[in-house]
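The paragraphs below go through the structure one part at a time.

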Amino acid sequence: MNADGWRKVEIENWRPPLDYLERRVRLESCPDLADEFRELVAEAACVARPRAAWSAVPVQSVQSAQDDSGSGQVRCGGVEFRSPMLAHNLSNTGTAFPYIATCGDEIDKRFPSLDDPLAEYWLDEIKSAALYAAYDLLREEIRSTGGTGQLNSMNPGSGNAMLWPLSQQVPLFRILGEDASNWAGVKLGDSLLMKPNKSVSGLFFFGADGFVSCAYCERDGCPNRRAPCGMTEL
Ligand code: SF4
């Protein structure tokens, strides 16, 4: 743990899941490009440092939507969040785990401009795989803290717009602090989207019930959907 309380997990010598990536990009449909693709994967793997910064912070107070004329407010780690759903989800837990997980900025630095849409697409898939590896490692780490129940995550901007608005990235990054986001190599842009693009930020929490933002998201055709849309917001 660092002096200011945040922790880190990092994958050194990341080994990309080549079979998975080849299926993702449908390499069997363009076998003449196989060497080029594998070369790109190998070069990206040489520089990649998938990683995550996180901390464990006390949930200090929760005002539910009903208590607070519909807004829903949570104070944790000295920072205030506004989201009725977050207030609902954190109402029965004493600890929240803010985090930033990322593929790292090394791949973007190694390939600043490829001038080839297909290679850009390939690189995005490679970066996604690196992010998943960092995210899985982070989940294991947080599970090992000994919390009970299901480990869930909420992410600003995920799900319908008002579930936990993207603007809440600002207090989320404030909890972890500048040292943590600098170490992760993740920056918040003016639009509050993260760079590198294959980064995810949020709060983990343990709860009796499973929570999936997708159940509150009406976006059609999302390839990453993990639950059917069907729930109404609080
Ligand atoms: S359906 Fe897609 S866009 Fe909506 S919350 Fe799930 S992953 Fe995100």
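Leucine 192 lies in the loop between strand E8 (187–188) and E9. Helices (H or I, at least four residues) and strands (E, at least two) are DSSP runs, numbered from the N terminus. This is a predicted model, in which local features need pLDDT of at least 70 and side-chain atom pairs count only at pLDDT 80 or more, while totals for chains, interfaces and linings use all residues. Residues are numbered from 1 along each chain as its sequence is written.

Although leucine 192 is not a glycine, its phi is positive, at about 70 degrees. Leucine 192 counts as partly exposed because it has 15 C-beta neighbours inside 10 Å. The terms work as follows: a residue is buried if 20 or more other C-beta atoms lie within 10 Å of its own, exposed if 12 or fewer, and partly exposed in between, with C-beta atoms placed from the backbone.

Aspartate 115 is a residue other than glycine with a positive phi, near 55 degrees. Its place is the loop between helix H4 (106–110) and H5. With 6 other C-beta atoms within 10 Å, aspartate 115 is exposed.

Now turn to the helices. Two packed helices are described by the angle between their axes and the distance between the axes. For helix H2 (residues 34–47) and helix H5 (residues 117–143), the axes come within 10 Å and cross at roughly 45 degrees. Axes here are lines fitted to C-alpha atoms, for helices over the stretch in contact, and angles run from 0 to 180 degrees between N-to-C directions. H2 and H5 are therefore oblique to each other; angles under 35 degrees count as roughly parallel, over 145 as roughly antiparallel, 65 to 115 as roughly perpendicular and the rest as oblique.

Which residues in H2 and H5 meet? Phe37, Leu40, Val41 and Ala44 in H2 are in contact with Ala119, Trp122, Leu123 and Ile126 in H5, where contact is defined as C-beta atoms, placed from the backbone, within 7 Å.

Helix H5 also holds lysine 127. Lysine 127 is buried, because 23 C-beta neighbours lie inside 10 Å. Apart from neighbours within four places in sequence, lysine 127 is in contact with Cys103, Ile107, Pro196 and Lys198. Its C-alpha atom is 8.8 Å from that of proline 50, 77 residues apart along the chain.

Proline 196, one of those contacts of lysine 127, sits in the loop between strand E9 (194–195) and strand E10 (199–207). A cis peptide bond, with omega about 0 degrees, joins lysine 195 to proline 196.

Definitions and conventions
Two residues are in contact if their C-beta atoms, placed from the backbone, lie within 7 Å.
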